[in-house]
Amino acid sequence: MPRKTDARDRAIATAERLFRIQGYTATGLNQIIEESGSPKGSFYFHFPRGKSQLAEEAIDHYVASRIAVLRDISANTTGDALSFVHQLFGTFAAEMIASDFQYGCLMQNLANELPALDADLTKRVARGFVDSTAIVAEHFRGCGFTSARASSTAAALVAALEGARTIARLERTAAIFEALADVSVQGWAAPEGRSAVEASSRRRGR
């Protein structure tokens, strides 16, 4: 017998997937209910405020998953800014390829539709970017970056990653992720006191 929470979990997962593929406005409740296999009565039991409440849950789940991935990459590259950057871009590129270039960032998709969002959803999206960017900045501080440089580098990287997803979806290739990783290593994320060429050469094993 299915667990009582199955219908709720399926609805959240389905909403997250559809918001990432087609955005918030283009995703209707009927499509979510149909594709999740959740009875309409059960849906409104779990989400009495309807689509906006479901979107809140989808954002929270997406942000938590994103932060977990960032923390894992950080733990695997402790003290190494260059490897951290390459793993970040590599992980995002791999996800794009696995989704056949269908998945955008849920937060970015919703941010592009701000007029359609209520205040609570807008705040959740903004907080998601702040919290995930903070993980990236924390890693750079652990690599010896000053607090100011860590924050600015993290903001630049997150912006680059979001832009890369958009370009990758359009071009159906992950090449942009590798290009941005190289630029980042040679500039933004190069260790203090090391030139861009030295940083790039070290990373490539020259």
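Start with arginine 124. Arginine 124 forms a salt bridge with glutamate 56, and their closest N and O atoms are 3.8 Å apart. Keep in mind that this is a predicted model.

Where do the two partners sit? Arginine 124 is in helix H7, residues 119-142, and glutamate 56 is in helix H4, residues 51-76, so the bridge ties together parts that are 68 residues apart in sequence.

Is each partner buried or exposed? Buried means under 20% relative accessible area. Glutamate 56 has 7%, so it counts as buried. Arginine 124 has 28%, so it counts as partly exposed.

Arg49, Glu56, Asp60 and Arg124 are linked in a network of salt bridges.

Now move to glutamate 95. Its side chain meets that of arginine 165 in a salt bridge, 2.9 Å from N to O. Here, too, distant parts of the chain are linked: arginine 165 is in helix H8, residues 147-171, glutamate 95 is in helix H5, and they are 70 residues apart. Arginine 165 is buried, at 2% relative accessibility.

Glutamate 95 also forms a salt bridge with arginine 20, at 3.1 Å, N to O. That pair joins helix H5, residues 81-98, to helix H1, residues 6-22, across 75 residues. Arginine 20 is buried, with a relative accessible area of 5%. Glutamate 95 is partly exposed, at 29%.

How many salt bridges does a search of the whole structure find? Eleven.

One last item, from the record. An unreviewed UniProt entry annotates residues 28-47 as "DNA-binding region". In the model, that stretch is 75% helix and 0% strand, and its end C-alpha atoms are 14 Å apart.

Terms used: Residues numbered from 1 in each chain as written. Predicted model: local features only at pLDDT ≥ 70, side-chain atom pairs only at ≥ 80, totals over all residues. Heavy atoms only, no water. UniProt positions renumbered as here; feature names shortened; annotations may be inferred. Helix = DSSP H or I, 4+ residues; strand = E, 2+ residues; numbered from the N terminus. Salt bridge = Lys/Arg side-chain N within 4 Å of Asp/Glu carboxyl O. Buried < 20%, exposed > 50% of the residue type's maximum accessible area, 1.4 Å probe, protein only.
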